[in-house]
Each structure stands twice: as C-alpha cells, then as structure tokens.
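Reader: I have a model open and want to learn how to read it. Where shall we begin?

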Amino acid sequence: MDISTLYRYFTECGRVTTDTRDCPQGAMFIALKGRRFDGNEFAASALEKGCRYAVVDDASAAGRNPRILLVEDGLKALQELANYHRKKVKTRIIAVTGTNGKTTTKELIAAVLGKQYRVLATEGNQNNQIGVPLTLLRLTAERELAVIEMGANHPGDIAELAKIAEPDYGLITNVGLAHLEGFGSFEGVLRAKGELYDYLRHAGAHTVFIDKDNEALTVISHGLTRITYGTDDIDEPYIGGKLGACDPFLAFEWTHDKRVYAVRTQLVGGYNLKNALAALAVGRFFGVPESQLCEALEAYVPDNNRSQLMETRRNHLILDAYNANPTSMLSALENFCNMNVPCKMAIVGDMKELGASSGTEHRRMVDYLKTCGFEKVILVGEEFGKVKGDFEHYANVEALKEVIRKSCPQGKYILIKGSHSMRLVQLKELL
C-alpha cells in the first residue's frame, strides 16, 4: 500500500496507536515488532477494542478483513505516514536534542511558547524512532509550533529522526558522556548530536539556538544562523544569564537588550540554568514578551522525576532518577554538595550503557562522593559494587527497600540519582 492511500485511511481516524492497551475509539492501530512481541498478533484485538483500522506487515494477520491494511514494514509505514502528515500540516517545528537536559528544555520551551502560541510538544520522553512519529501524527492544523525531542543511542539516529520530522529550527542542549556503548567516545557523541545541525544545514533551515559558552557546539554549527544564550559575557549573547541562589530552587537573572529580569523557578539545580536560558532564547525569538517568559518559567513544576523536589511527611527528596550518565551525575552531586541544607543523604545508582568506560566513570563518582561530606551515602548496583570503597552498598533497589523499611530515615534532604533501569524512583514511597 502506498503512503498516500494509507494517509487517506489515517484521515478517517485522526489518531494512531501502537499499543492495544490504549485503543481510542476510531483510532488506527499500527502493528510493530519487538524482540519480545509481534504486534501483528494483536491486530484483531485492536479492532475489537475500538480501532477503525489495523495496519499489519504480516499477510497471515490480514486475512480478508477490509479493516486490516497490509504494508511492507510496520515501523517504516509509521515513519513515512508521520513525515507525510508533517508536510501536510506545515507546523513550524523546533527539534531539541542533547546529552542532558533535553526533556526539561523541551518542557520549558513549550511552557514559554504556550503563552502566545498553540503548541504541541513531545509527551514525556517519546523521543525515539517510534515516539517521534507518534508525536508528529498528533499534529493538527491549529498547532502553530511543535517542540519535538530527539534522542539517540547510536550514530545515525538523529539523522533518521530529523529526516522524519523535517524541523525548521534546532537546539542541542549540550554534549557529554552518555551511551558510550553506542557512540564509543565523546567525539562520537558530538558527531551524533551534530547530525541535527547537518540536517538543518542541508535543508536550508539555518536557525539554531546555541549555548555560546559551549565551544564544541560553536565549532560544529558553522554556516548556521545562531541565536545565542550563555553566561560568560551577558552583553554579547542574545540572552545572557547569571546564576543566583539554589537553596533548593534555581533562581537567576537574565538579560535581553540590556534589561535585567529576575526569575525564581521550581526547578532544583544550578545545572538547569542553561535549560532555562535556552527556553528564553526560543521564546524571545518567537516574540513572547519578557514578562510572560518569566511567568512561564516560574509556573513550571517538574513532574517527571527530573530535578524534582518532593516534601514528604518525613524527608525532603530531590528526585532525579529518570536517567544518569557521568555528566548529569556529576552535575547533580555538585549541586547537592553546594546546597545550603542540613542532613544530606545521597542514594546513587548505577549509570548504564557506558561500555568499557563504566569502571572508570563509576570510580570517578565514588572519588567525588568522598569529598562531599554527606551525612550518608548509599550506592546501588553492580557497577558501584565494584568500586564502593567504604560506602554502604546494595546490589539492587529491592535489597535497599528492605533496609529502608527498617531504618525509616527522617528529617533528611535526600538526593536520589541513577539510571531509570535501577528503579530508584520506587524509593520515594518509602522515604
């Protein structure tokens, strides 16, 4: 089936799902294959649950049912359908990627642009080869701007996503040590993230929002129109910022056209300053007034286990347990170390996908923790177990949960930081 024919069926539905646990009435179900499942097996179930059509790539699943549509490859059909739809609606798209901060930056950009525009943004971190197309297929003609997050584990991922989304503008938050199993080195990460710039350069969509303080990004963005933000010299960037207090919430001043504005956010961590400045640069570029920019940043409350402060009956939790790599881990520890609060306790879980660098990077974190003077440090995971030193250590979150149930820490400020697969977020109910 060619893409224009499939699109006609899509227009009857207006919504796509790839999960039979979420089948809105009248939606289109597209069957995908994974290592442990084959969506073709659930096509009939999707129709029973309310989908108007089911798209499969297995002829045996299609049968003679006119509501089951056969394509050559389900994932490719999803991506081509998304690209076809993106071209139809013509919404201006801002692509956001980077090693750290891309989800928070995406959320902040959507918040500031939402003051003046009808905006669509990636939900959660649906930033891969499935999530980006599903986000694009949520676009309607009424959406004036879209903020699309793009993630990458391997070279070529960003190039593929950019080809699907065809962004008009780009923002790379930063480049750091992450997914080294896939990228091999910092230079590999830089090349992979730079694929966004490569696409924009080739497509003639030349505008990027760039951290002027980041030399690596400055080098690889040659030939592009740069809308800058930064902290080194507040007179030169489009948006300049100066860090204020972080006890515990981020406060800062920012400058535009020599006028200074003050913001107190509900984000934890000075490392979020650049994320906020990026959002301000995008907002001013699109004409959002300064007062509304400040309002949007101050009103934004994180709820995705990233830089999130939770006050429980017993403790203050700084929950940053959605993801972890050496760059984000060190930033979180440094920020917690500098916070002027009492009774600090850190629960730190393994960082994943570091390949041959894993031992070195986990040892580096342990060495830094030794200098912090925290009242208590608990390490979780196999990698930290190899380099734990004198710190308390548990093999997994289940073992730690048993200990916490018995000890019931109280009156502490507790940083919880680790990779998502370590499941440290489960600790918040106990603490």
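Author: Begin with threonine 105. Leaving aside neighbours within four places in sequence, threonine 105 is in contact (heavy atoms within 4.5 Å) with Val96, Leu171, Thr173, Asn275 and Ala278. A word on sources: this is a predicted model, where local features need pLDDT of at least 70, side-chain atom pairs count only at pLDDT 80 or more, and totals for chains, interfaces and linings use all residues. Residues are numbered from 1 along each chain as its sequence is written, and side-chain values use heavy atoms, with hydrogens and water left out.

Reader: Is threonine 105 buried or exposed?

Author: Buried means under 20% relative accessible area, exposed over 50%, partly exposed in between (1.4 Å probe, protein chains only). Threonine 105 has a relative accessible area of 0%, so it counts as buried.

Reader: Which element holds threonine 105, and what does its side chain reach?

Author: Helices (H or I, at least four residues) and strands (E, at least two) are DSSP runs, numbered from the N terminus. Threonine 105 lies in helix α5, residues 102–113. Its side chain reaches the backbone oxygen of glycine 101 at 2.7 Å.

Reader: What polar contact does tyrosine 53 make?

Author: A polar contact is a pair of N or O atoms within 3.5 Å; within protein, one must be able to donate a hydrogen and the other to accept it, and residues adjacent in sequence count only if both atoms are side-chain atoms. The side chains of tyrosine 53 and glutamate 12 are joined by one of 2.7 Å. Tyrosine 53 is found in strand β3, residues 53–56. It counts as buried, at 10% relative accessibility.

Reader: Which residues of helix α1 are buried?

Author: In α1 (residues 3–13), they are Thr5, Leu6, Tyr7, Phe10 and Cys13. Their cover includes β3 and α4 (74–89). Just after α1, glycine 14 takes a positive phi of about 80°.

Reader: How do I read a sheet?

Author: Strands of a sheet pair through backbone hydrogen bonds, either parallel or antiparallel. Here, two strands pair if DSSP finds at least two bridges between them. An open sheet of 9 strands runs β6-β7-β5-β8-β9-β10-β11-β12-β13, with mixed pairing. Its edge strands, β6 (119–121) and β13 (259–268), each pair on one side only.

Reader: How many bridges join β12 to β13?

Author: There are 7, and the two strands run antiparallel. Tryptophan 254 stands opposite tyrosine 261 in β13.
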